[in-house]
Amino acid sequence: MEHVVFKHRRTTLERAEKFLSSLYFTDVNLYGRLYSEHVPVTNIEHYAATGRVSYDEAVKGDYSPTAIGQSFGPTWSTHWFRIHVEIPSTWEDREVRLLWNCGAEAQVWIDGHPVQGLSGEHNPRRDDFIVSKKLTKQQIKQTFYIEMACNGLFGAGKHGLVSPTDPNRAYTLSKAEVAIFDREVADLFWDLQVLYEMAKDLPENSERGYQTLYALNNIINQLEVGNRTTYTYGRELAKQFLSQKNSDSQHVLHAMGHAHIDTAWLWPYAETIRKCARSWSTTVQLMERYPHFLFTCSQAQQFEWVKQYYPSLYSKICHFVKEGRFIPVGGSWVEMDGNIPSGEAFIRQFLYGQEYFRKEFGVTCTEFWLPDTFGYAAQIPQMMQHCGMTRFLTQKLSWNLVNKFPHSTFWWSGLDGSTVLTHFPPGDNYAMEGKVQEVLYSVKNFKDKGRSGRSCYLFGYGDGGHGPSEDMLEKLQRLENVDGIPKVKMSSPDEFFSLVEKESRGSLCTWHGELYLEMHNGTYTTQAKVKKENRYGEILLRNTELFATIATVGSLTSDSGYKYPQAELQRLWKLLLLNQFHDVLPGSSIEIVYEDAHRYYEDIRQSGATLFACAVANVLAKESEPSTPVVVNSLCWERSEVVIIQRAGDEKTSEQKKPDDRVQTDSRGNTLAFVKAPSCGVVSLVPLVVPGSVEASVNQNGLITLKNDHLTVTVDHCGRVTSLQLAGSEKNTVSCTHPANQFLLYDDVPLYWDAWDVMDYHLETRKPINSVIGKATILDKGPLKASVEFSLTISKQSHLKQLIVLEAGCSYVKFVTQVTWHENRKFLKVEFPTSIHCESATYDIQFGHIKRPTHYNTSWDSARFEVCSHKWADLSEYDFGLSVLNDCKYGFSTVNNVMRLSLLRSPKAPDEHADMGSHEFTYALMPHKGSLQDAGVIQQAYNLNSPLVVQYVPQVPSTTAGFFSLSTPQVVLEAVKMAERVERAMILRLYEAFGGKTSVTLTLNLPVKNVKRCTGLEDVLADDDDSLLFTPGQPATVCLTLRPFQIVSLIAWF
């Protein structure tokens, strides 16, 4: 006789869990019936490839028999398997799958085509491949190739996820069999899995939660796993329950398939190419089976790789792009770092990314997709809009350590006031797994309830987990409209953003300025040589394009035959952009990634230097001696500086007679001269008389003084600056109690993310470095250059040497620094205590600058104890200030009156040799009167980073005029290049640099016929009234008005 049993929630839930478990009671539970029959694969052959070989090469390999239990390695090696399968004839008309687990990532190949990825790790595990949905006689005997990559989804860390790579890891083949997949059991299994998750994750005291629990328990009671007739009844009961609908007011989750693949991280670039193939072949296969499935995919570089290495897969992708189901997003070449790249590099990410998607798919992305990077610069909204994007998606600020970001959907207002619709998926993840818990949390965590009723839900395993799975798609189908659960709708990003724009445009809040990530701020400094090469590459390519464009225009009126090297410049830019990926440039990848990165940087250096020299030579017109020295100025203002006209040991100009009063041979044996160069121009090298010489002296207290007509700097025996004064002023920029140029060593042990994080408590471990190896000594006394050299001991393993340099006519003092660095989790900084009081400091960023507080009033202020800055940072009070300039550093902090520049870190994971070795870098101090804008800080920082170049050419300039000039220093000419798609046209990019509205006249000393405004994608804009006035001629002029920090691109036809 039956009776009602009191139900205990925990035991009932655990009963359901065990009924679905892959570990417990599989001989009597439902999971154990998913595969009804198994047959081992015994005919397996193995080939150890010599690297990542192609399929065509692999099939010709020398194969030998292997078996279950055999191990393969080492890390990063490749092994191919040829599998001969004979399926029992009794399995005709059944769904048959190959089950394969080699403990590593793998790719199934059939007839030369990549068809699906496999992964053998516990979570996520994808170890089955559909051999046939309905087996026929012709399919009983089959041969497959499986390509095994000896690495896991997240590389092969020795002692954990982000530890250095274990180079000798082996992976074991543990499963190779064919089996019947019981689709009826699977459908019932997915029903019950959804019900179990609802019962478990709905609020414990909710009515719907208990309804689900009792319904689930009842279905299990009705099922007999050995009696298939009960399955149908079980599915009917589940369907009845899951058919109970939601109300119209329910929050809608817009589900989008996603596979976030880091372009390099714990694996090299070459492995990412295969990760893309494994993931996207799996995605395409699912699209063929699930017609409602939509998948978002970013990074044009990854598309290009798949096109190059997997053309048949790429052809399928193109088909689904055309159908609107495989959706290119992001509009960038790679998902780059959000802080360190220059403004022009950001534009190029969008230019080359959008250009690729347009050319290949006829798509221009409207949303910038950057879910995983370490903060977002304040100019990103304007740079996005300039390149055709008005929507932004990320989620990384959910990682904040201190402050919870207050919005999920909001307007983000950038430095110039440009706004973009921004969304942070409230699930705080871009790799959801189709779980009820995630769906419920997404709504609970949505921070703009009442303003919007929609959010994004990105599902799919990333980094080689092969994206969405069959399980995810089946479960999400069941969750589309179920009472008690938010609505789940498969959507495209455009559908989501369009509905938010339509429904909530006027209801959303606005966030102004940068999106600062309160974590991973050590990435501004880690892998210092990568940062240095990045800065150098950005400037080299910018300068090369400038003179290559001038030479190209000039070739129209000369017989030089010069042609703009567009293909090579694009190749070099794309290498640089690749290395700006958000785990490469920040310094958070494994060691072999940086071997690749530095090889690419060397390519950029060598090829870029060759292109630059060729372009400069072709700018010139008059034939002259074979070795005529010229001075090259790539910046858009006239400059007078000290240059090296002959390096020590260089005989190129030894026979030239030089006037003794206009040159100096420095302590290194270099010959120096003071020269003048026009803006964006090339001029014959003519040493000039210095308007005010520089001198060095030692006073009776042993302090060394360097002096020119701009400033006076006093240095003690440790190389510390005790006084820094402007000419004619008695005000000391340096604190009267603490010297500047004080090197510091900090303990630098984070909580977990070694290469990524520097924690606030490191500031409590400040240790001044004052152990002198060689005390400060004068090396050069003028008249063009005065210098002081000293050296310090950092530790038993590390030391530094510095040359303090003051040059004639220069408004800053340089600190040329060499460091031998062999530390373990230490942080090297240099600090500059000042006599200045101000509640904010100003920092250089892309196409402008921002202010940040110098105090810790709030938790938001104190969380920004380390910030990102580009070429300069400034602390100013009324009419007086100090700027710190640099040539390759990005980490900075200013607290009260103390400015600190971050120099070197020494993390041990994921690259145990990060930053070890020798480093050379330069920073400078520039005291100034008035505002930083009026004092020329911005221009001087450009000068430091892009010094005048002396080049020996077979021609001399035909003019002393510059090719481009601007009527105000308030506007900077950032880039000049040839147009990508338009013949006989150049692109000029300018920005307002001071932070105020201005009118400017651009003068072009070239035969320009017409000028119009265009976007960053080089699409011509419709003329705005009075927005641009072009006057033809030679020189031609362009007059236009810019708002504060506005970016303007022009297209000029010639």
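## Strand 5 and its two partners

In this predicted model, strand 5 and strand 10 (residues 141-149) run antiparallel and are joined by 9 bridges. Within that pairing, W80 has E147 of strand 10 as its bridge partner.

Strand 5 (residues 78-86) also pairs with strand 2 (residues 43-48). This second pairing is antiparallel and comprises 6 bridges, with H46 standing opposite F81 of strand 5. Strand 5 is mostly covered, as 7 of its 9 residues are buried. In a regular strand, side chains alternate between the two faces of the sheet.

## Helix 3 against helix 1

Helix 1 (residues 9-19) and helix 3 (residues 183-201) have axes that come within 10 Å and cross at roughly 155°. Angles over 145 degrees count as roughly antiparallel, and the two helices are therefore roughly antiparallel to each other. The crossing of helix 1 past helix 3 is left-handed.

On the helix 1 side, the contact involves R9, L13, A16, E17 and F19; these meet L192, Y196, A199 and K200 of helix 3. By class, the residues of this contact comprise 6 nonpolar and 3 charged, with no polar residue.

## Helix 3 against helix 11

Helix 3 also packs against helix 11 (residues 436-445), at an angle of about 45° and with the axes 8 Å apart. Helix 3 is thus oblique to helix 11.

From helix 3, the residues V194, E197, M198 and D201 take part, meeting V436, Q437 and L440 of helix 11. This contact divides into 4 nonpolar, 1 polar and 2 charged residues.

An open sheet of 3 strands has the order 24-26-25, with antiparallel pairing. Strand 24 (639-646) and strand 25 (663-665) are at the edges, and each has a single partner strand, so one side of each lacks a neighbour in the sheet. Neighbouring strands of this sheet are turned against each other by 35° on average, direction ignored.

The pairing of strand 24 with strand 26 (residues 671-677) is antiparallel and extends over 7 bridges. I644 stands opposite L672, which belongs to strand 26.

Strand 38 (residues 826-833) and strand 45 (residues 898-904) pair in the antiparallel sense over 6 bridges. F832 is placed opposite M899 of strand 45.

T712 is part of strand 30 (residues 711-715). The cut-off for burial is a relative accessible area under 20%; T712 has 16% relative accessibility and so counts as buried.

Leaving aside neighbours within four places in sequence, the contacts of T712 are T705, L706, K707, S723, L724 and Q725. S729 lies 17 residues from T712 along the chain, and the C-alpha atoms of T712 and S729 are separated by 9.7 Å.

Technical notes: Residues are numbered from 1 along each chain as its sequence is written. This is a predicted model: local features need pLDDT of at least 70, side-chain atom pairs count only at pLDDT 80 or more; totals for chains, interfaces and linings use all residues. Side-chain values use heavy atoms; hydrogens and water are left out. Two strands pair if DSSP finds at least two bridges between them. Helices (H or I, at least four residues) and strands (E, at least two) are DSSP runs, numbered from the N terminus. Axes are lines fitted to C-alpha atoms, for helices over the stretch in contact, and angles run from 0 to 180 degrees between N-to-C directions. Angles under 35 degrees count as roughly parallel, over 145 as roughly antiparallel, 65 to 115 as roughly perpendicular and the rest as oblique. A crossing is left-handed if the near helix is turned anticlockwise from the far one by less than a right angle, and right-handed if clockwise. Contact means heavy atoms within 4.5 Å. Ala, Val, Leu, Ile, Met, Phe, Trp, Tyr, Cys and Pro count as nonpolar, Asp, Glu, Lys and Arg as charged, and the others, Gly among them, as polar. Buried means under 20% relative accessible area, exposed over 50%, partly exposed in between (1.4 Å probe, protein chains only).
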